[in-house]
Amino acid sequence: MTDSPETRRDETLAAILEAGGVLLAEPTPLADPAAPHDVVAYRITAGAPDLAVRAALRDVRTATQTATAGLIDWTPAPLPEPEPEPSETPIFDGVGAAPEEPTAEEA
């Protein structure tokens, strides 16, 4: 069984911080164009304060890098439209006859 993208992301972030690196941006979720609502990987941007940490980050990158060619930025799935509340007053939608106005005797 393979690790989830979130597990790989968390392990990579831990390795970056352990090596003395810093995150330069929030991890960006990536998706396959055929399924833009499913995260398959994360783009992580890290930096190093010195050359020794840069070398350590290079090792982290070699150990954790995933091919991202062809992936797109993830987009959340659309939320379902809420059901409208029923109304006691009929609404004229322009189709068919307008609702009848109450007569003086009915009012």
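This is a predicted model: local features need pLDDT of at least 70, side-chain atom pairs count only at pLDDT 80 or more; totals for chains, interfaces and linings use all residues.
In β3, Thr-28 finds its bridge partner in Arg-43. Residues are numbered from 1 along each chain as its sequence is written, and side-chain values use heavy atoms, with hydrogens and water left out.

**The chain as a whole**

Two helices and five strands make up the secondary structure of the chain. Followed along the sequence, they give the pattern α-β-β-β-β-α-β. Of the 107 residues in the chain, 13% are buried; buried means under 20% relative accessible area, exposed means over 50%, and partly exposed lies in between, with a 1.4 Å probe and protein chains only. A contact is a pair of heavy atoms within 4.5 Å. Among contacts between residues at least 6 apart in sequence, 59% join residues at least 24 apart.

**The sheet**

Which strands form the open sheet, and in what order? There are three, arranged β3-β2-β5 with antiparallel pairing. Two strands count as paired if DSSP finds at least two bridges between them. Strand β2 (residues 28–32) is joined to β3 by five bridges, and the two run antiparallel. They form a hairpin with two residues between them. With strand β5 (residues 72–73), β2 pairs over two bridges, again in the antiparallel sense. One of the residues involved is Leu-30, whose bridge partner in β5 is Asp-73. Both β3 and β5 stand at the edges with a single partner strand each, so one side of each is left without a neighbour in the sheet.

**Salt bridges**

Side chains of opposite charge can pair when their charged atoms come close. A salt bridge here is a side-chain nitrogen of Lys or Arg within 4 Å of a carboxyl oxygen of Asp or Glu. By this rule there are two, and the table sets them out.

| Asp-10 | Arg-9 | 3.0 Å |

Asp-73 counts as partly exposed because its relative accessible area is 44%. Arg-43, at 41% relative accessibility, is also partly exposed. In the other pair, Arg-9 is partly exposed at 21%, and Asp-10 is partly exposed at 41%.

**The largest pocket**

Rolling a probe the size of a water molecule over the atoms shows where empty space is left. On a 1 Å grid over the protein atoms alone, a pocket is an open set of points where a 1.4 Å probe fits, with protein on both sides within 12 Å along at least five of seven lines, and lining residues have an atom within 4 Å of a point. Grid points are joined across faces, edges and corners, and a volume is the space filled by probe spheres set on the points.

The largest pocket holds about 750 Å³ of space. Its lining has 26 residues, and those nearest its centre are Thr-12, Ile-44, Arg-61, Thr-64 and Gln-65. Two or more lining residues come from each of α1 (5–18), β3 (35–43), β4 (46–47) and α2 (51–64). The largest share, seven residues, is given by α2. By type, the lining divides into twelve nonpolar, seven polar and seven charged residues. Here nonpolar covers Ala, Val, Leu, Ile, Met, Phe, Trp, Tyr, Cys and Pro, charged covers Asp, Glu, Lys and Arg, and polar takes the others, Gly among them.

**Two residues to look at**

Is Thr-12 buried or exposed? Thr-12 counts as buried because its relative accessibility is 10%. Thr-12 is found in helix α1, and it touches Ile-44, Val-60 and Thr-64, not counting residues up to four places away in sequence.

Asp-3 lies in the segment before α1. Its relative accessibility of 41% makes Asp-3 partly exposed. Leaving aside neighbours within four places in sequence, Asp-3 is in contact with Arg-8 and Glu-11.

Notes. Helices (H or I, at least four residues) and strands (E, at least two) are DSSP runs, numbered from the N terminus.
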